[in-house]
Amino acid sequence: MTPFETWSHLGSVVAGLMFAWAMFQQYFPPQLRMHIEAFAHKAVGHVYPYIQITFPEFAGERLKRCEAYAAIQNYLSTSASARAKRLKAESVKDSQTLVLSMDENEEVVDEFEGVKLWWSSSLIVSQKPMISLYSSSEDRRFYRLTFHRSHRELITGSYIKHVLEKGRAVAADNRRRKLFTNNPSSNWHYYKASKWSHVAFEHPATFDTLAMESTKKREIMNDLLKFRQAKQYYARIGKAWKRGYLLYGPPGTGKSTMIAAMANFLNYDVYDLELTTVKDNTELRKLLIETSAESIIVIEDIDCSLDLTGQRKTKKQENDDDEEKADPVERMAKGGEESKDSKVTLSGLLNFIDGLWSACGGERIIVFTTNFVEKLDPALIRRGRMDKHIEMSYCCFESFKVLARNYLGVESHHLFATVRRLLEETKMTPADVAENLMPKSDEEDEEACLEGLIEALEKAKEDARKKSEEEKEAAAQHSSWSNDRERRATEIE
Ligand SMILES: Nc1ncnc2c1ncn2[C@@H]1O[C@H](COP(=O)(O)OP(=O)(O)OP(=O)(O)O)[C@@H](O)[C@H]1O
Ligand SMILES: [Mg+2]
């Protein structure tokens, strides 16, 4: 039993006695009971020698989980949980490690420089009636620290600092990177007020396996490193500590792969923001606030998620457009069930990137990807918002060499020269090259794979030649029709 509880019990006993006395004195009005109890607690408070500090999970308007709460949870998972009787278990780091933390309404004793302290974890369950399988977002959790008032300076000065530092170190040790996706706002209520769901981030792509010219790759890696180390610099120039990347290029050129490589390189979490499920700008802002530092926020195919003239289209315009659109994938993206009443605007998105709220938390990278950079509003991608524009392009010989090393384990081969020539003559995405380099059966060796690739490249070259001839023919026919029409018009005149 913590000293607080001992004293609390004592207070209740005194209050009980006084209350009995009040009941005995029948002429006292009933409200007097409350006053007597309050007085009794106050009286105990005067002589109570212990101080308590409460650390709630969510403070203030509950927009964000308190960092101190998370750090304490981690701290208690190491030292104090060894002594707790009821523990909660969670697996981290590829399910190899189990992290134990104190269960709700449990208590442990800790010691610091010979001083004894008491930690308790509490949960106040919401009184609101709710039929749900999930825990209510109104439930409130908190840790409470109790210590003797003679140690006030030691505890508030050094101990709490020590707890927070150790808690953060534990979190860094156990850190298992996460891939988040935003929950539709209709479900925000269920996930313990969390707007994001996550799984472990396990994408294996790295800059080593990314097919790209080495100078370009190095430039990007240097840029990322510079950003990560630039906290002081951003503070000095008065800019929020974030950086925007625009990745553009045809499908299959490695935009998504590049994001995974960036996350693995920086050891950051990834927030994959599905804009079509975000109802309006306010929701967008709330999602932003709930992202943590050291993360990459990704909006893929930005041209499909937002109407780039400024406002999102009305339902009718959307339908009209859909009928004209040939691409079924794009049609799906625009007409999806959830995007119907979405009112995220271009200005909302601009604010998301560099408005006042974007500075909350710091150390974040925002990445947009698109297949059609020319369709994007210049305001969205101007430098300062999207600081670095990276073109992901068709496979060059240098990129091919990376893929050959990854897929076949070869650094050089007599067929490389032919591949080089064909790559200079025709366009093929790294995704297609990679597909051709994958052995289709156990019998297929590297030579067979390379021959398969050469065949595919020759076919692509031939297809491109035929297509260009057809286009030339069509253009010639068009111009002869126009000439005919003009000639007939002059004859009539
Ligand atoms: N530059 C690259 N380096 C290594 N692998 C690549 C590269 N580009 C494509 N690939 C391979 O092709 C597959 C598809 O690539 P990815 O999804 O990154 O393309 P994307 O540019 O994001 O395409 P989309 O525009 O359709 O989203 C990947 O799984 C990867 O294996
Ligand atoms: Mg992609």
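1. Glutamate 113 is placed in the loop between strand 4 (107-112) and strand 5 (115-124). In this predicted model, the phi of glutamate 113 is near 45 degrees, a positive value in a residue other than glycine. Glutamate 113 counts as exposed, because it has 10 C-beta neighbours inside 10 Å and the limit for an exposed residue is 12 or fewer.

2. Glutamate 363 is not a glycine, yet its phi is positive, at about 45 degrees. Its place is in the loop between helix 12 and strand 12 (364-370). Glutamate 363 has 19 C-beta neighbours inside 10 Å and therefore counts as partly exposed.

3. On the overall make-up, the protein has 17 helices and 13 strands. Of its 493 residues, 24% count as buried. Among the contacts between residues at least 6 apart in sequence, 72% join residues at least 24 apart.

4. On the side of helix 3, the contact involves Ala68, Ala70, Ala71, Ile72, Asn74, Tyr75, Ser77 and Thr78. Their counterparts in helix 4 are Val163, Leu164, Lys166, Gly167, Arg168, Val170 and Ala171. By class, the residues of this contact divide into nine nonpolar, four polar and two charged.

5. Arginine 152 also belongs to helix 4. With 11 other C-beta atoms within 10 Å, arginine 152 is exposed. Arginine 152 and tyrosine 50 are separated by 102 residues in sequence, while their C-alpha atoms are 9.4 Å apart in space.

6. Ligand 1 is surrounded by 15 residues, of which Ala211, Pro251, Gly254, Pro430 and Ala431 are the closest. Helix 7 (255-266) and helix 16 (430-437) are the elements that give two or more residues to this shell. The shell comprises eight nonpolar residues, six polar residues and one charged residue.

7. In helix 8 (residues 281-289), the buried residues are Glu283, Leu284, Arg285, Leu287 and Leu288. An α-helix has 3.6 residues a turn, so residues three or four places apart point the same way. The buried residues of helix 8 pack against strand 7 (178-182) and helix 12 (346-354).

8. Isoleucine 299 is located in strand 11 (residues 295-299). It counts as buried because 20 C-beta neighbours lie inside 10 Å, and burial requires 20 or more. Leaving aside residues up to four places away in sequence, isoleucine 299 touches Leu273, Leu275, Ser305 and Phe368. Isoleucine 299 and methionine 392 are 93 residues apart in sequence, with a C-alpha to C-alpha distance of 16 Å.

Notes: Residues are numbered from 1 along each chain as its sequence is written. Chains are lettered from A and ligands numbered from 1 in the order in which they are written. This is a predicted model: local features need pLDDT of at least 70, side-chain atom pairs count only at pLDDT 80 or more; totals for chains, interfaces and linings use all residues. Two residues are in contact if their C-beta atoms, placed from the backbone, lie within 7 Å. Helices (H or I, at least four residues) and strands (E, at least two) are DSSP runs, numbered from the N terminus. Ala, Val, Leu, Ile, Met, Phe, Trp, Tyr, Cys and Pro count as nonpolar, Asp, Glu, Lys and Arg as charged, and the others, Gly among them, as polar. A residue is near a molecule or strand if its C-beta atom, placed from the backbone, lies within 6 Å of it.
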